[in-house]
Amino acid sequence: MNTSNVSSWSTQQLTEMLALVSYLPDEADVVQRALEHAVESLEGDVGAVVSGGAVSAVIGYAMGSAPEQDLVAAARGELTVLDVPGAGPCRVFVVDCQGLPDGRMLIGQRLPNEYDSQERNLFRSFARVLGLALQAHRALQHERQLRLLSEQDAERRKQLVEVLRERQALLERLAFIQRLISTRRPLREVLDAIVLGVSELIGVEVAALRIIDPNDPTGLVLVASTGLSPRAQEKMRRSSVDTGAIGAAVRDRRPVVMDGDADDQLSPVMRDNGVVSAMVAPALQGDQVVGTLAVGTRSPGRKFSDGDQEVLVAFAEHAALALHDAQTVAALKEAVSEATRRAHQDALTGLSNRVAFLENVNAALGEPGPMSLQFIDLDDFKIVNDTLGHPVGDELLRVVGERIVGSVRTGDAVARLGGDEFAVLLWSSSADQAEIAAERIREALGEPYHLQGHVVSIGASTGLVHRTTEGPHVAEELLRDADVAMYRAKALGKGRTVVFADSMRAELQARSKLERELRRAIDAHQLVLYYQPIIDIPMSRVVGSEALLRWEHPELGTLPPSDFIAVAEETALIQAIGRQVLLDACEQTARWNDARPEQPWTVSVNVSASQLVDGRVVEHVREALSSSGLAPHHLTLELTESVLVHDIESAAGILFDLKWLGVRLAIDDFGTRYSSLSYLARLPVDVLKVDRMFVEDAPTGTSHARLAASVVALARSLQLETVVEGVESSQQLGIMLRLGCRRFQGYRWSGPVPGAKFVETAASIERQLAVPWQRQAAFLRRTAHSGVTDG
Amino acid sequence: VLAGQEACSAAVAGRADAALLVVFASDALDLSRLSKAVQDSAPDVPMIGCSTSGEIGADGATDSGVVVMALGGPGFQIATASASVEAFGLRGAGSEVARIAAQVQSSPYRVLLVLTDGLAGDQEEIVRGAYAVVGAEVPLVGGCAGDDLRMSRTSQLLDGRVMTGSVVAAAIGSDGPLGIGVKHGWRRIGEPMVVTDSDGVRVLTLDNEPALDVYLRRLDAPEIAYHDAAAFTRFALTHPFGLHRRSTEEVRMVAEADFATRSVVCIARVPRGGLAWIMEGDDASVLEATDAACDAAVEALGGAPPLGLFAFDCIARRGVLGDTGIAREVDRIAAHAGGAPVGGFYTYGEIAKNSAAGGFHNQTLVVLAVA
């Protein structure tokens, strides 16, 4: 079983268990069911939960015959093999079970089988889910006790009803969050629900959820909050794990309350926000702290009860579970998309997919008689998707599929090839009939669509190809001819049908030649990485590089990505190329760093939109890091802004997954397209790259130059690092330094160089920087001075 | 009734040392008269049985028939019991019948033969209840009673009595080895789906869409299955769900469509949050599974020749094979039995469990070989 299978399978098992045991009425049942689920999932032969030196639940032995002493000894680690009648000797694996006093859960499999590390981790997670379920259960039990009391004491009934109502609210809230986790809502949504839920239930104004920074485990990053001003959020973006109340909570793995006398532990940011009492609990995965959840109130005199602490701990535990789940979701997505590629049917429309359609066409080519093929592409579908959202876009595609099917004869094959591309195979149709049919379909598609309250109109461009005696006899080629004709229809202004002619094949051939060469280039290692140095001016050092792809074409010389990336994107070669770039860049940088452990270099790698949308990038990054041994924080992934604006929700999910691997994320070309502050604040970004456009114009004082100043100011306020691209002159450098930038890349020092020359290039740049630094500093002071007087 | 008596007489063949009668009979027959008649023809011999959706005998499969297997001779210890789901709950009923395993404890080889009402609720719970009592020590084997695919009421038989909504069991202790084989023979089709909402055996949504709609659309189901409950059930027989498991997929029979809520109802629980596939099979894959299950059961006898084979075969496999395929399948089972008697029936779910891994199966063949 490969890694991704294990992780997707384990995510499923955890969510199943959560759904199964969350609301059982009896504690013994909760323990028994959780144990059963864990042991069944891992196909174990024996399992037990031991608490306080006694067996609470057991499975695998005949009733009444479980060897209590052996099980207790095994739970303590004193016995590693249990003899189970019917199964034989079983090797046991034991984990802590925090929901129970001195609790341990164990599982065994008949020898010689043993659990691997991933299965052991899953078993650990099962124990944690059991802990969560027990917490919810205790809340219920408390409720029952109160209910009994209320019957005896009419006076207190009113208060108790209130308490009961709160308990109910807690359970409902936790159930809601568990449901978000088990239905795999985006991590952001789950974390937001946690802070909102905890603040409402405890009745406080402020809640903040931080997670341990995967880059730097001594720091915490704020990932969700409520009741904090934007300013406070900025200040709390990063904090240390070892100071104040957070430090105590992390160190002692227990909640810390700051009210009354202990309020001197309150952080200044909290106090500035008017918070007078607060408490913080660690979010634990096993023994490991993965984050903290804090709440604070502005009401003077508010004391937090034990019940409040219990609520806080329950929510912190759910945060830990959500984070665990998020780590494995990327793998699940990968498994699903892999399976989708193999399937024959288009999931959205229920029509045949490309694979099945090509089989149909091949079958038709085997029969004599006339035959035509249409390639239909919707015009401006992307606008519908972007403006009305994916659900409406999907609905539109479904209806388009239905309309096409409704416009052809039974027996004609209709398929969705992908995206907004459809294809139709018309059997025994003459050329004239086929053209009439194509127009009929386009007319049907042109009728208005009523979709979820919107009225949408959309056109289509159609490429039509007739079978000829000398024409292609292979389905793929026939489809490509239709595709070429469709492109021609688009080029002629959309909303029309174009019949394929042989002359169009030349276009196709040029494109497919490039594709073939590109495929060969990958195998022949003609795609190589060049590295452009990134320089830290105050440190006078080269701190890393940006890896840039070049095609060393045997005939055309060295080609930049702009000459071939579009074809790579169209043909899905981009995935293979992207993966290779990550592997090579990490491998090269790790080798450099082996030789310079005291001053390691970072490397930046560009990630394209389609790589990010595909989602496999998470797996590729993980693979590149583990095969090269490069420290994750030495890898920066550069993403273009347009990727993020296009589908921010799914992009955010993948970015958090990437962030969780410990890599750094940079936004490339920031400010050149859709500048949006809102997404910048919501995404786990570390670096802003300032585009060359701003730098070129910097000395001119134009609007671009002013924009450059505000981009840099923005980065500083969000505590993001900046790297300025495209610096060519000293004047440009001076202006950007004055704005507060310290890291640069550009031809002023060096363009991209092959890996073999990078060490030499870096050394020469550092020599240059060391010598004229005094002079340069003086120059800068002068510039700064003149800036002031001019102003 | 006459058929039942005849079958019983043939099975017992005049021997006085019969230890257990196992009766599989169509409920097209008058089961209360039939079971009384069988019992009368061999009084004092414990008897269990159930209604079927087709019976399996050494010379072929039948409809509206009856098969009686008699276990006897020296070296057998037998105890029988029944429990009603209404009285004990699903899990409790499983536990209750499993207690009789203690009565055959002195035999070196043991098995608990369990026949249940598959329409009475989550069958995994019955299996868990029984497993909690016997542990890995006594394997569980058996199946869910049928009613010729009407899906309305099944019967369980014990000592001449007819019950419904019950679990009946026989603890079999033997001096000779007992072997169990399990195999399904389905394969995944299409892309996996996330079970985004379910409630016990009811699947509400797949990939956030109404489950019934997804199911019908993915399979390009015939028009009639979109509105006719019986037609849906017939269609769904050959298209079960497969749930993603550690080392395999667990098959779940899709039993019913709920046209009002656009959900589907399965024979066992389909947990929320899980990954599921739609599965399909053909003659070849189903027959391969037949061989594999029989091989495993006979091999577990350690070289001893089988005295008889019990087959618990899912009705859905019958749906895939058709009448001629069924004849071939039963021929194959008989060949593995090497001339020994074969008895079994077409079930609504199969039971085979001898480790903590799940023990309730759907659309599977379970074979018990007795030596």
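Biologist: Which residues have the most contacts inside the largest nonpolar core, and how many residues does that core have?

Modeller: A nonpolar core is a set of buried Ala, Val, Leu, Ile, Met, Phe, Trp, Tyr and Cys residues joined through side-chain atoms within 4.5 Å. Buried means under 20% relative accessible area, exposed over 50%, and partly exposed in between, with a 1.4 Å probe and protein chains only. Here the largest core has 144 residues, and A:Met105, A:Phe123, A:Val198, A:Ile202, A:Leu293 and B:Leu112 have the most contacts inside it. Helix H10 (residues 306–342) of chain A gives the most to this core, with 10 residues. A second, separate core has 75 residues, including A:Leu639, A:Leu658, A:Met736 and A:Cys741.

Biologist: What should I know about the model and its labels?

Modeller: This is a predicted model, in which local features need pLDDT of at least 70 and side-chain atom pairs count only at pLDDT 80 or more, while totals for chains, interfaces and linings use all residues. Residues are numbered from 1 along each chain as its sequence is written, chains are lettered from A and ligands numbered from 1 in the order in which they are written, and side-chain values use heavy atoms, with hydrogens and water left out.

Biologist: How many helices and strands are there in chain A, and how many in chain B?

Modeller: Helices (H or I, at least four residues) and strands (E, at least two) are DSSP runs, numbered from the N terminus. Chain A has 28 helices and 28 strands, and chain B has 8 helices and 25 strands. Of the 791 residues in chain A, 54% are buried; of the 371 in chain B, 63% are buried.

Biologist: Which residues of helix H26 in chain A are buried?

Modeller: In H26 (residues 730–738), the buried residues are A:Gln732, A:Leu733, A:Gly734, A:Ile735, A:Met736 and A:Leu737. Just after this helix, A:Gly740 takes a positive phi of about 110 degrees.

Biologist: Is A:Arg231 buried or exposed?

Modeller: A:Arg231 counts as exposed because its relative accessibility is 58%. This residue lies in helix H7 (residues 230–235) of chain A. A:Arg231 and A:Asn273 are 42 residues apart in sequence, and their C-alpha atoms are 9.7 Å apart.

Biologist: Which residues does B:Ser26 touch?

Modeller: Contact means heavy atoms within 4.5 Å. Not counting residues up to four places away in sequence, B:Ser26 touches B:Leu31, B:Thr52, B:Glu55, B:Ser64, B:Gly65 and B:Asp148. B:Ser26 is in strand S1 (residues 18–26) of chain B and counts as buried because its relative accessibility is 0%. Its side chain reaches the backbone nitrogen of B:Ala28 at 2.9 Å.

Biologist: Which residues lie nearest the centre of the largest cavity?

Modeller: Its lining has 13 residues, of which A:Thr602, A:Ser604, A:Thr636, A:Glu721 and A:Val723 lie nearest the centre.

Terms used
On a 1 Å grid over the protein atoms alone, a cavity is a set of points where a 1.4 Å probe fits but cannot get out, and a pocket is an open set with protein on both sides within 12 Å along at least five of seven lines; lining residues have an atom within 4 Å of a point. A polar contact is a pair of N or O atoms within 3.5 Å; within protein, one must be able to donate a hydrogen and the other to accept it, and residues adjacent in sequence count only if both atoms are side-chain atoms.
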